[in-house]
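Dear colleague,

I am passing on the structure we discussed, and below it you will find my notes on what turned up when I went through it. Please read them with the coordinates open beside you.

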Amino acid sequence: MPITWCDDPTDPGVRHRIRKEWENEERRYEHERLERDQRRLQWELEDVKHAELLREWEQERLQHEEELRERQRREEEGRVRLNLAWARVEAHQCTTYATREYTAQLTNLPADYKYRLDACRLTPLEIHGVSYTPKRCEVHGQTVIGYWEVNENEPDCRPWWNWYKDKGCISPRSGMRRIEHYLEVLPSGGDWREFCATTPVRFLDMEFVGAHNCFQFNLGTYGHWEIKDDSCL
């Protein structure tokens, strides 16, 4: 029974109840302290386990990287011994702004060679005086084909924006203005949507990696930009 204002603290029975309540409170606090200590100990053990797992993962990562380097070294040695080379190098259409796809066939590759794809990935090809390894490789029967996407020294893959037009506010109080450009010299065979979205432009002291929206009209490609403009508020 809790102590009330009408209890006489000089009464032995009241003092006994007060002492019992203090003892109960102390036991409750001690129990809570033990629970907190147990939780803290559990967290510390979990931290130790987590740190051990991280160390194991790091060791596995380092081991994997070392194995990969060793494998690449062996494959490179094998490639050099086989005197692998690229033949039938072909330039294809532009795939995106300033980028053209190339393909070539890997030669001097024995029919029973196990690491055909790896040999392809590790064998460089010189294009425009720069050495590149393939972006991807494919095996077609006994033929291994490498694919490259070269984004240097490809001027024919660089269209540009022309015919700047201010189309006015999108709508009253929209706070947005629409700008339109015409895309000049779209590469032959290129995806107009891709080139519209990736051809950079600068206007009104702003730079964009491509158009916000694209459309075609009378076989021409146009880009739209919607920019903030307080005069449209």
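Predicted model: local features only at pLDDT ≥ 70, side-chain atom pairs only at ≥ 80, totals over all residues.

**Disulfides and their surroundings**

Because Cys169 lies in strand β7 and Cys232 in the segment after β12, the pair ties together parts of the chain that are 63 residues apart in sequence.

The structure holds four disulfides, and when the bonded cysteines are numbered in sequence order, the pairing reads 1-4, 2-3, 5-8, 6-7. Another of these bonds is formed by Cys94 and Cys157, with 2.0 Å between their sulfur atoms; the torsion about this S-S bond is about -75°, so the disulfide is left-handed. The two cysteines come from distant parts of the chain, Cys94 from strand β1 (residues 85-96) and Cys157 from the loop between β6 and β7, 63 residues apart. Cys94 is buried at a relative accessible area of 4%, and Cys157 is buried at 0%.

Cys196 and Cys214 also form a disulfide, again with their sulfur atoms 2.0 Å apart, and since the torsion about the S-S bond is about -95°, this disulfide is left-handed. Here helix α3 (residues 192-198), which holds Cys196, is linked to strand β11, which holds Cys214, the two cysteines being 18 residues apart. Cys196 is buried, with a relative accessible area of 0%, while Cys214 is partly exposed at 27%.

**Nonpolar cores**

The largest nonpolar core has 16 residues, of which Trp86, Leu106, Leu109, Ile127 and Trp148 touch the most other members; β2 (99-107), α2 (116-122), β3 (125-127) and β6 each supply at least two residues of this core. Apart from it lies another core, of 13 residues, which includes Cys196 as well as Val201, Phe203 and Phe208. Leaving aside neighbours within four places in sequence, Leu106 is in contact with residues including Leu84, Trp86, Cys120 and Val144.

**Backbone points to check**

Most residues other than glycine have a negative phi. Asn153, however, has a positive phi of about 55° and sits in the loop between β6 (143-150) and β7 (160-169). Asn218 likewise has a positive phi, of about 50°, in the loop between β11 (213-217) and β12 (220-228), and is exposed, with a relative accessible area of 66%.

With best regards

Key. Residues numbered from 1 in each chain as written. Heavy atoms only, no water. Helix = DSSP H or I, 4+ residues; strand = E, 2+ residues; numbered from the N terminus. Buried < 20%, exposed > 50% of the residue type's maximum accessible area, 1.4 Å probe, protein only. Core = buried A, V, L, I, M, F, W, Y, C linked by side-chain atoms within 4.5 Å. Contact = heavy atoms within 4.5 Å. Disulfide = S-S within 2.5 Å.
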